[in-house]
Amino acid sequence: MKKLISLGLAVAMAASLTACGGNGAKETTAAGNTTAAATDTTAAAAGDTTAAASAEGGVLKVGVIGPLTGAAAVYGTAVANGADLAVKEINAAGGIDGMMIELNAQDDEHDPQKSVNAYNTLKDWGAQMIVGSVTSDPCIAVSAETEVDNMFQITPSGSAVECVAPDNVFRVCFADPDQGTASAKYIGENKLATKIAIIYDSSTSYSSGIREAFVAEAGSQGLEIVADEAFTADTNTDFSVQLDKAKEAGAELVFLPIYYQEASVILKQASDKEFAPVFFGCDGMDGILAVENFDTSLAEGLMLLTPFSTTEDSSKAFTEAYVAAYGIDPNQFAADSYDAVYAIAAAAKQAGITADMNASDICDAMKPAMTEISIDGLTGSGMTWNAQGEPDKEPKAVKIVNGVYEMQ
Amino acid sequence: MSFLSYLINGVSLGSIYAIIALGYTMVYGIARMLNFAHGDVIMVGAFAIFTAVSTLGLPSLAGILIAVLVCTVLGLAIETVAYRPLRGASSLAVLITAIGVSYLLQNVALLIFGSNARQFTSVVHIPNVKLAGGALSISGETIVTIASCLLIMIALTTFINRTKIGQAMLAVSEDRGAATLMGINVNKTIAVTFAIGSALAAIAGALLCSTYPSLTPYTGSMPGIKAFTAAVFGGIGSIPGALLGGIILGVVENLSKAYISSQLSDAIVFSLLILILLVRPTGILGKKIHEKV
């Protein structure tokens, strides 16, 4: 009896092994089929041609690196989902001239060392391009590695200046200084206030980078910085002293180039102090309305520069598909990575990339191609890139009115 | 007037450090071990309150009672499963285990609650007090925190000096071997210490998150480290030392943020710790122990 069971198990194992052996392209195409079938009837036929095409067009292996677990998991999972959605759409529509895209997302827990490990895992898997890393410090570490390997890399959201220092790295989001400069310009041009207080996180390159550019631009916009207060990752729960100082200095606007988590506490403490200036944030502020148990009336009137809003007409289709697939609202990180994959697809088409090219050849062909494309993405229409890897797009300002983003 | 405001906020912050520091100092005094998981027990307490009050809609007081219960059971469980088997082991092994338990709690919370920050609804329902014609506003949380801290200190000192089990705790801390010979159940005494420390952690969690209303699985770790510093500051093992250390730490932190640099406040706090330890290696109220050869 025992022998019979073990024989059965062995057979089952062998069967599952062969099932695994049938390469990943099948899986991707299968996914393409279902998406296509859902849209219309002709797409079922299109799905079939994809299957045939995948045999001749091959499979382009794209690795995704981001914090899928840990404190920054919100960003990493959004990027993985956004990329996944874009890949499914592209494959369902016939791939890049018949070439399918296969994704593999690796976790870096928002840790530079683990990010490099994740990159090495992806290289072993045979990755030909990298989407990532999601957060700035891990991204800087990975871009140093991809430069050595001459591997094409596009980061959806690594916003520190150094992220795209090597010329094989591009990004979708704004660089930190650009956000600081844009914020100061926006405040100055729209005459929101003249007396400005800043509360920033001196322990992240994101926040201090924006603040530096903001301070540099503020003078020429006629803005007076009356309080310039910092906190660090270890002191990010109590802002009463910083708020007291801003209040005493008579600030009309408090600039918060920080993440929404700390900002939600600042808004709460400010309301307890009956301090009600205009609060102005950058893209890190995106997500504040989703903080669990947060009294969204505190965020009323809050303004932020963000490249993406689910309430815009141009993002409706994406938002619906995203919610249907992953069950939560997309944030700007999902939009950034969705755009990143479409940028890759457009540039790969432009450069005539084929699946049998090695990573280094792909990179050499992609670099000039990236500067030649223009895509209408979720995070900006008519986005173009320069050779330094920086995107060119317009920042959008939103104001929170009645608990939703209102485009300004 | 702003100085007074900074000072009061500092005392309030210090009171929270002091309540957390009690957990460190009692366990160290009696079991001779650093329970680095203490900060994370605070986080568990805060999540227990959050779940009871914000998710299940129970009143705040019921939430606090549930959290005290959850933390007490958790503290006893940690002690029995992780620390008791290592009673005879080297202190380094116990320390590593404590760090392990700390990461375990953080990651289990991460698994259950996710990494998104939650806004904690204050358990204090007292309006702000306005003094000097509105120039000085003291929040209800601040008043409750300082009052609870004083109350806990008095209750705990009375408990240790006046009850049998309290005397047993003192005896175990002085000499574990002799205490055993006198018929004291050492394991039971240490378990009671953990239970009290963890119950205090639940209260600290409620006060911490009411004053600084952001709750994540990592909420407890930094206050835990600061409170440990406060315990060392005041003299680890000493209960009045924890109070003194906590309040000095809170006040120094807030005043240096206000008058020196908001960036350097932690550096200043920890430099002060080094200075004090250079002058008084056992902390401000720490006992000098003469080793007999």
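**Figure 1. A glycine follows helix 4 of chain B.** Helices here are DSSP runs of H or I with at least four residues, strands are DSSP runs of E with at least two, and both are numbered from the N terminus. The model is predicted: local features need pLDDT of at least 70, side-chain atom pairs count only at pLDDT 80 or more, and totals for chains, interfaces and linings use all residues. Residues are numbered from 1 along each chain as its sequence is written, while chains are lettered from A and ligands numbered from 1 in the order in which they are written.

**Figure 2. Helix 4 of chain B and its cover.** Helix 4 of chain B spans residues 91-113, which makes 23 residues. From first C-alpha to last it reaches 33 Å, close to the 33 Å expected at 1.5 Å a residue. The expected span is 1.5 Å times one less than the number of residues. Which residues of this helix are buried? They are B:Val94, B:Thr97, B:Ala98, B:Val101, B:Ser102, B:Leu105, B:Gln106 and B:Ala109. A residue is buried if 20 or more other C-beta atoms lie within 10 Å of its own, exposed if 12 or fewer, and partly exposed in between, with C-beta atoms placed from the backbone. An α-helix has 3.6 residues a turn, so residues three or four places apart point the same way. The cover over the buried residues of helix 4 of chain B includes helix 2 (38-55) and helix 3 (60-83) of chain B.

**Figure 3. B:Ile96 sits in helix 4 of chain B.** B:Ile96 is partly exposed, because 14 other C-beta atoms lie within 10 Å. B:Asn35 is 61 residues away along the chain. The C-alpha atoms of B:Ile96 and B:Asn35 are separated by 9.8 Å.

**Figure 4. A parallel, open sheet in chain A.** Its 5 strands stand in the order 2-1-3-4-5. Strand 2 (100-107) and strand 5 (169-171) of chain A are at the edges, each with a single partner strand, so one side of each has no neighbour in the sheet. From one strand to the next, the twist averages 25°. Angles run from 0 to 180 degrees between N-to-C directions, and axes are lines fitted to C-alpha atoms, for helices over the stretch in contact. Strand 4 (residues 152-155) of chain A is joined to strand 5 of chain A by 3 bridges, and the two run parallel. Strands pair if DSSP finds at least two bridges between them. A:Ile154 is opposite A:Phe170 in strand 5 of chain A.

**Figure 5. A hairpin of strands 14 and 15 in chain A.** Strand 14 (residues 397-401) and strand 15 (residues 404-407) of chain A run antiparallel, joined by 4 bridges. A:Ile400 faces A:Tyr405 of strand 15 as its opposite. The turn leaves 2 residues between the strands. One of the turn's residues, A:Asn402, has a positive phi of about 50°.

Figure 6. A cis peptide bond links A:Gly132 and A:Ser133, with omega about -15°. A:Glu109 is not a glycine, yet its phi is positive, about 55°. A:Lys191 is exposed, because it has 9 other C-beta atoms within 10 Å.

**Figure 7. Chain B touches chain A.** Here 26 residues of chain B are in contact with 30 residues of chain A. Contact means C-beta atoms, placed from the backbone, within 7 Å. On the chain B side, helix 1 (2-31), strand 1 (118-119), helix 10 (239-259) and helix 11 (265-279) each supply at least two residues. Helix 1 of chain B gives the most, with 5 residues.

Terms used: Two residues are in contact if their C-beta atoms, placed from the backbone, lie within 7 Å.
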